[in-house]
Amino acid sequence: TSRRPIEHRAIDLDGAVRLPEVVAQSLRRGLVPFYGVFELSDVRLLAHWAREGLIPQPVLVQINFFCDLMKGPTPGVAALKAFLDEWPRDEIDSEVCVFARGLPDRSTHDGLFDAALERGVHMRVGLGDNPHLFPGATNADLVEHAQERIAHHGFRAVTPAELRLRVGI
């Protein structure tokens, strides 16, 4: 069998801007995509789609730091800064979160969590992301831990209803 190569061009040879079919289909079906980015080029492409009006705002962006994959920059505060420097939050209405999986220790986890909050970025919380850092914990324990860190920075966690209203679900 022959396979068509997957193309990742944001602009066709004729100059027309286009979305990948999976994104276009999702939007046609009324879904609210959460765009996961691994590389700075992913951020640039997503910003291009938003600026061109091809995707609705607010744009939901998830910066993916997978310590067990050799993709993207080395996970950490410097990488977070690089992603945020590339994402034009002053131009594009968005909600940005960090998903960090397989972090080496609690200090790295909490440092990245705090750095995200200091920059107005959300942190994904879930037992499956870093189970070795929280032995014996439940998801409820992790949510409580996150809420304590959030409160320490002068914020409060939003409710699911508030998030749904914000993103139009």
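Trainee: Where does Pro58 sit?

Mentor: Pro58 is in the loop between helix 2 and strand 2. Helices (H or I, at least four residues) and strands (E, at least two) are DSSP runs, numbered from the N terminus.

Trainee: What kind of peptide bond joins Gln57 and Pro58?

Mentor: A cis one, with omega about 5°. Most peptide bonds are trans.

Trainee: Before I go on, what is this model based on?

Mentor: It is a predicted model: local features need pLDDT of at least 70, side-chain atom pairs count only at pLDDT 80 or more, and totals for chains, interfaces and linings use all residues. Residues are numbered from 1 along each chain as its sequence is written, and side-chain values use heavy atoms, with hydrogens and water left out.

Trainee: What is the mean pLDDT of the chain?

Mentor: The mean is 88, and 91% of the residues reach 70 or more. pLDDT is the predictor's confidence in each residue, from 0 to 100.

Trainee: Where does pLDDT stay under 50?

Mentor: Over residues 1-9. The model has 2 contacts beyond four places in sequence for that stretch. Contact means heavy atoms within 4.5 Å.

Trainee: Now the fold. How many helices and strands?

Mentor: The chain has 6 helices and 4 strands. Along the sequence the pattern is α-β-α-β-α-β-α-β-α-α.

Trainee: And what order do the strands of the sheet have?

Mentor: The order is 1-2-3-4 in an open sheet, with parallel pairing. Two strands pair if DSSP finds at least two bridges between them. Strand 1 (34-37) and strand 4 (122-123) are the edge strands, each pairing on one side only.

Trainee: How many bridges join strand 1 to strand 2?

Mentor: 4 bridges, and strand 2 covers residues 59-66. Tyr35 stands opposite Val61 in strand 2.

Trainee: Which strands does helix 2 touch?

Mentor: Helix 2 packs on the sheet against strand 1 and strand 2, and its direction makes about 150° with that of strand 1. Axes are lines fitted to C-alpha atoms, for helices over the stretch in contact, and angles run from 0 to 180 degrees between N-to-C directions.

Trainee: What about helix 3, which strands does it lie across?

Mentor: Strand 1, strand 2 and strand 3 (94-101), running at about 150° to strand 2.

Trainee: At what angle do helix 2 and helix 3 cross?

Mentor: Roughly 25°, and the axes of helix 2 (residues 40-51) and helix 3 (residues 77-86) come within 9 Å. That makes the two helices roughly parallel; the cut-offs are under 35 degrees for roughly parallel, over 145 for roughly antiparallel, 65 to 115 for roughly perpendicular, and the rest oblique.

Trainee: Which residues make that contact?

Mentor: Leu40, Val43 and Arg44 of helix 2, with Ala82, Phe83 and Glu86 of helix 3. They divide into 4 nonpolar, no polar and 2 charged. Ala, Val, Leu, Ile, Met, Phe, Trp, Tyr, Cys and Pro count as nonpolar, Asp, Glu, Lys and Arg as charged, and the others, Gly among them, as polar.

Trainee: Last pair. How do helix 4 and helix 5 pack?

Mentor: Helix 4 (residues 106-118) and helix 5 (residues 139-152) pack at about 50°, with axes 10 Å apart. They are therefore oblique to each other.
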